[in-house]
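Reader: Thanks for sitting down with me; could you take me through this model and tell me what stands behind each label?
Author: Gladly, let us look at it together.

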Amino acid sequence: MISLIEQIKNGKLWRYFGGVHPQENKIQSTRLAITTASIPKHLIIPVKQHIGQGGQIIVVPGDKVLKGQPLTASDSFMSVPVHAPTSGTIEHIAQYPSTHPSAMPEIAIKLICDQEDQALESQPALDYKQLSTAELQQHISLAGVAGMGGAGFPTAVKLSDKQPIEFLLINAAECEPYITSDDVLMRERADDIIQGIEILRHMIKPALCVIGIEDNKPDAANALETAIKTANLSADIIVRKVPTKYPNGGEKQLIQVLTGKEIRKGQIPAQSGVVMQNVGTIYAVKQAIIDRQPLLSRIVTLTGKAFPQPRNVEALIGTPISALLSEFECDEDKAAAIIYGGPMMGFTLPHGQFSLTKTGNCILTPIKDEIPQVREPDACIRCGECSEACPVDLLPQQLHWYSLAKDVTKLADYNLMDCIECGACSYVCPSQIPLVHQYRIAKVEVRESDAELAAAAIAKERFEKRNERLALEKAQREQRQKEAAEKRRATAKATTGEDPVKAAMERIQKAKAAEQTTADGKTSKGSAVADAIARAKAKKAAAASTDTAVPDNAAVIAERKARKTAAKAKREAEGSESVQAATSPAIEAKKAAVAAAIARAKAKKSAAQAGETAASTPAPAVDAKKAAVAAAIARAKAKKAAAQSATTESTEATESPAPAVNDKKAAIAAAVARAKAKKAAAQSATTESTEATDSPAPAVNDKKAAIAAAVARAKAKKAAAQSATTESTEATDSPAPAVNDKKAAIAAAVARAKAKKAAAQSATTESTEATDSPAPAVNDKKAAIAAAVARAKAKKAAAQSATTESTEVTESPAPAVNDKKAAIAAAVARAKAKKAAAQSATTESTEATDTPAPAVDAKKAAIAAAVARAKAKKAAAQTSDSPDEAQPTEPVDKKKAAIAVAIAKAKAKKLAQLGDK
Ligand code: SF4
Ligand code: SF4
């Protein structure tokens, strides 16, 4: 099987995934030889122009420096110094925008060039074959050599001999369109490059050295082959032409093309036995070892149609871009952009104040027609073109989304740091999304995040180590204390002859035994303690109860309630008295008057019906019963109303000289009631009289009605008899009658006076009627009968009443009515009585002379008369039967009784008078 080296020597090439073929545009800048650019007025020299750490600045503003003098220094292997490209004065050290897509500010040294270009004293060339790799690494590093192909990795780091290197690969592909700096360098300085390769071969001692160059640079390839032959190195150095394809210049891609080795993620080429260096870097190594000149300048391609003569120039590191544009007559007005680098991996500068760095190989100033029109990018359509073009097999569209979202974690997951920034994805993107530009910015963010994580990891490590130290110190301290205790114990034992710990344990055991012994006896120490605790708790609880208990206010509350109750009772009593005193007479008088009026009306109606029934022919059985019942009810009501009315009147008349009746309305109401009663009685009597004298007895058709009337009369007689008996007893048997109430006597007197007046008036009227007109023709026999019956009853009642009245008159004079109101009421009552009597007489006279009395009126009158008599009798009887009720201690009942008696007597007299007439 042919070895890999044999395969490579046989010309075998490999391929990698992805890649594109953009238009080259290299010819226009290779027509002219390399030109040295003038020394500008000043240089802006960034302190850090490589991957890794920046060096410490060893100059200060105002220092005069010579060409090749180091401006920074560092002990780190990953740091390379920067040098003064020419002689001059350090003006200041400050932050300047970095020549980077992020344009983040970075420390830079501004050197004012004195144009004298005075250099340090030159050093003789090093015999590298006599020097070790490390020594050469040191010389290379101090010369400030870093990768000039674009990455800027410190060159010395890669030239270690600690691990075997099989292949030294020289990257001469220069695949980026427009860029020809390596091409012209190889064309013009091929011998220097071969010398440089020899230094590296000496350092790393590879098995084979291969120069990989695209087949679009035949002149450069020929120049190298010539130089190799001249150096007689044809067996050790191979120039391998590879098909032009972008990005062949990528380290991993070219390694894969030349050797077939695929560098996995996270690996460095040295781990696969491969070291790759750019031809420009090889040239810088040659200068550092042979010429003893640090890296002070580089070859840069000035191309694009904005330059009248695109070419490659050798310019000092730190030269402002604007100086180059000016010196080589770039028409900036025509330039569509100033691109630092090639069209694929370069980036646009906003202006020309940026400076040339060690990695800057091209300044492209295309006009509008040279490059696609720049427009606002469209949204990603997920076409996948970028993924197919990516030579690193990444997912550019995913990186696009996460770089916009600044999701550092996701960017790391999708291997952003493996991106070689080739720009193939941007080149094929139909949406013209500046993908590679986004990735560069995202890489900076990821590096910052990684730096923060690294710092956090360091802090965590320090924290954990501190905890470990504290724990160790604590353990040591405890150990020392333990040892000291042991030492004291041993000393005490030696002094006293016994172990102190053992003695203490024995004392404790003895104390416990003593406690148990006490417990077996009466009270153990433990129980005593328990008792003490219990007592303390009890005291505490009692104190808490005392402190927190609610005061016993029951007695106070009871007293308060009693006072309230007493006050309430007092108020009620006072209110009751005042109500009784103020309103009882008035209100009760009103009520009595109203009730009496209603009763009288009903009595009249019932009497009329009864009279009619009695005078007429016997009525049917049903009508008679109803009439009897109605008459009885009417009588009862009339008696009750009369009693109430009499009570009111009597009270008004007898409770003088200071009666409690202050209300005129009450008196007036009482008087009205009395007047109405008299009027009703008068009407009833008139009717009866008319019936008796003017008409023959009616044919009684209703036996039941007659029976009822007879029953009523019997009751009336009985009542009258009882009343008379009572009155007689009161008058004769006792100087102090049972009726002690003067009010009753007064009421009776008043009633009698009223009755007499009414009777006189009625008699006058009747006599007038009798003389002036013949008796009317009474057609209704019933009315006549009822009238006769009524007269008979009236006579009896009158006789009884006369007896009572004489007694009352002899025993007690009429009281002096001091109350004007009562007098007024009496006057009103009398007036009404007179009026009623007059009306009654007029009515009777009219009826007797002009027209016979109607049957209906006669009946009603007879019935009313009967009812009135019955009531009078009943009231009288009740009065006589209840002498005890008229005690001073029961003023209300007493008054009522007296009033009832007076009313009854008055009514009886009136009826008697009417009946006699
Ligand atoms: S993702 Fe990176 S490596 Fe892949 S094509 Fe784009 S720029 Fe090139
Ligand atoms: S090429 Fe452009 S549009 Fe297509 S998937 Fe990639 S980023 Fe999106």
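Author: Pro-46 has Ala-108 in β7 as its bridge partner. A word on conventions: this is a predicted model, where local features need pLDDT of at least 70, side-chain atom pairs count only at pLDDT 80 or more, and totals for chains, interfaces and linings use all residues. Residues are numbered from 1 along each chain as its sequence is written, chains are lettered from A and ligands numbered from 1 in the order in which they are written, and side-chain values use heavy atoms, with hydrogens and water left out.

Reader: How do you know that β2 and strand β7 pair?
Author: Two strands pair if DSSP finds at least two bridges between them, and strands are DSSP E runs of at least two residues, while helices are H or I runs of at least four, numbered from the N terminus. Here 5 bridges join β2 to β7 (residues 105-113), and the two run antiparallel, so they count as a pair.

Reader: What makes β2 and β4 edge strands?
Author: The open sheet has 4 strands in the order β2-β7-β6-β4. β2 (42-46) and β4 (64-65) each have a single partner strand, so one side of each is left without a neighbour in the sheet.

Reader: Why is the second largest pocket said to lie between two domains?
Author: Domain 1 (1-27 + 124-291) and domain 2 (385-468) both give residues to its lining, so it lies between them. The domain bounds come from an automatic or database domain assignment.

Reader: Which helix gives the most to that lining?
Author: α14 does, with 4 residues.

Reader: What makes Lys-261 a contact of Glu-166?
Author: Contact means heavy atoms within 4.5 Å. Lys-261 touches Glu-166, Phe-167 and Leu-4, among others, not counting residues up to four places away in sequence. Lys-261 sits in the loop between α7 (251-259) and β11 (274-278).
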